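Subject: Structure handover

Hello,

Please find the structure below, followed by notes on what was found in it.

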Amino acid sequence: MKIFTSAQIHELDKYTIDHEPIKSIDLMERAAKAITRAITAEWNINTPVVVFAGPGNNGGDALAVARMLIEQGYTVQAFLFNISGHISEDCAINKARLSEKKAKSFVEVTQEFDPPQLEEKMLVIDGLFGSGLNKPLAGGFASLVKYINASPSTVVSIDVPSGLMTEDNSYNIRANIIRADMTLTLGQKKLSFLFPENQQLIGRLKVLDIRLSTEGIERIDTDFSIAEENDIRPLLLKRNPYAHKGNMGNALIIAGSYGMAGASVLATKACLRSGAGKVFTHTPKQNSVILQISIPEAIIQFDRDETVFSEAVDTEDFDSMGIGPGLGTSEQTAIALITQLRRTQCPVVVDADAINILANHRAWVQQLPKGIIFTPHPKELERLEGPSSDSFEQLTKARKLAERVQGYVILKGHHSALCLPNGHVIFNSTGNAGMATAGSGDVLTGIITGLLARGYKQEDACLIGMFIHGLSGDIAARELGQESVIASDIIHYLPQAFRKIKD
């Protein structure tokens, strides 16, 4: 699913109007019907409704919804804010249409505004501003937003909570943004909806299909998209019925230090569960008993040091390498890491302490091989690229990192974001809060390393890896409950996740 900027949303609307063809007022009517259906499915006619409509097309949507609710027997108060003396053409048409109905009250606000009493049993429909907003709300509109937010009423926003911009909110004023209980967005999700700090503003999100032009969606290029199951399924390689372990790929996991053997266990198990023919794990000698008992299927290489990774190893016979989980950040390990990265020719996944080491030696980043894969969580990215004011800036830094090193960056989170070398970003659609548990990232490293060994190109391995990782976590949460999911559960349910995609 593509994610469009506000300018592209306008372009898609225009394309639909021009090529369906359909009048803009009729497209607005179609959107209003979808919004009304969603509202009437949740709230019955005994719910008093208060509609706040702005002067643009978002306000036109709101007025059309008010009219349709009246036609179905709802008691509606509607307020149209026309402070500047100018409203959009379609908003004006819906103003006239609503005026013909017997609303409890319909007020066009041009100067002074006497706000209605908003009570707990009421439903407020926010249609003040939509996806075209490009600056923070101020003045009377900011005051109205604060008034609505302070009320006990349930709030439903049309398309976008008023005051929230569709992409960059770095310089927005959060107090001047509607806090919706539900957002009914039109066509596609907006980029800002995928950032964690905006979830409290959006509430429950429903994406409404208003039949925008399929051809237009295909023709408009965008830097952002969301990976869904139908995108992942065609990428899966078929397993040759006559395959043997020698031609299913050799993976190398370099992980663990004394006291952190678990990280190497998790990454190795996940790698094996992702289809690699053979998995070799390089780890300090002190971890030998733990790994031999925990993962009898793995081949263990012991570092010469008892407690840390201290020497680079030959990778000529390997098809992929994952490095970083539980390594520690000693200077001895740091020297071994950069030596390892310089000499490795196969595809590489860099995670956890390997990222932290590079953050302490930033000049080394320029020496990394093209096609390298980073899998940082936000704090690790911050150490590597510096602090960010919000998730949009953080994503921008991850994109720039991927472009600068000509590699791949998976910024982990509820909607993990795969940043490609060409600047494009693909968000993940699987995963849940139960996966916020120690070791979850080690599992992702193992999965991607296993897929690379299996023969997938870097982009496909990243896409499949983050999707399967989240899907397995979703299955685990469904079976165990989010509170009880631990990282090894994600590995346990990997077979079911693979089967679900293949079926």
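The structure holds 16 salt bridges, where a salt bridge is a side-chain nitrogen of Lys or Arg within 4 Å of a carboxyl oxygen of Asp or Glu. This is a predicted model, in which local features need pLDDT of at least 70 and side-chain atom pairs count only at pLDDT 80 or more, while totals for chains, interfaces and linings use all residues. Residues are numbered from 1 along each chain as its sequence is written, and side-chain values use heavy atoms, with hydrogens and water left out.

One of the salt bridges pairs lysine 206 with glutamate 42, at 3.0 Å from N to O. The two residues are 164 apart in the chain: lysine 206 sits in strand S8, glutamate 42 in the loop between helix H2 (24-40) and S2. Helices (H or I, at least four residues) and strands (E, at least two) are DSSP runs, numbered from the N terminus. Lysine 206 is partly exposed at 29% relative accessible area, and glutamate 42 is partly exposed at 33%; buried means under 20%, exposed over 50%, and partly exposed in between (1.4 Å probe, protein chains only).

Aspartate 351 and lysine 412 form another salt bridge, with the closest N and O atoms 3.3 Å apart. This pair also links distant parts of the chain, from the loop between S14 and H12 to the loop between S16 and S17, 61 residues apart. Aspartate 351 is buried, with a relative accessible area of 1%, and lysine 412 is buried at 15%. A network of salt bridges links Glu29, Arg67 and Arg97.

On to the sheets. An open sheet of 7 strands, paired in parallel, has the order S4-S3-S2-S5-S6-S7-S8; two strands pair if DSSP finds at least two bridges between them. S4 (105-109) and S8 (204-208) are at the edges with a single partner strand each, so one side of each has no neighbour in the sheet. From one strand to the next, the twist averages 15 degrees. Helix H3 (residues 57-71) lies across S2, S3, S4, S5, S6 and S7, at about 155 degrees to S2. Axes are lines fitted to C-alpha atoms, for helices over the stretch in contact (heavy atoms within 4.5 Å), and angles run from 0 to 180 degrees between N-to-C directions.

A second open sheet, of 11 strands with mixed pairing, has the order S1-S9-S18-S17-S16-S15-S14-S13-S10-S11-S12. Its edge strands are S1 (2-3) and S12 (299-302).

Regards
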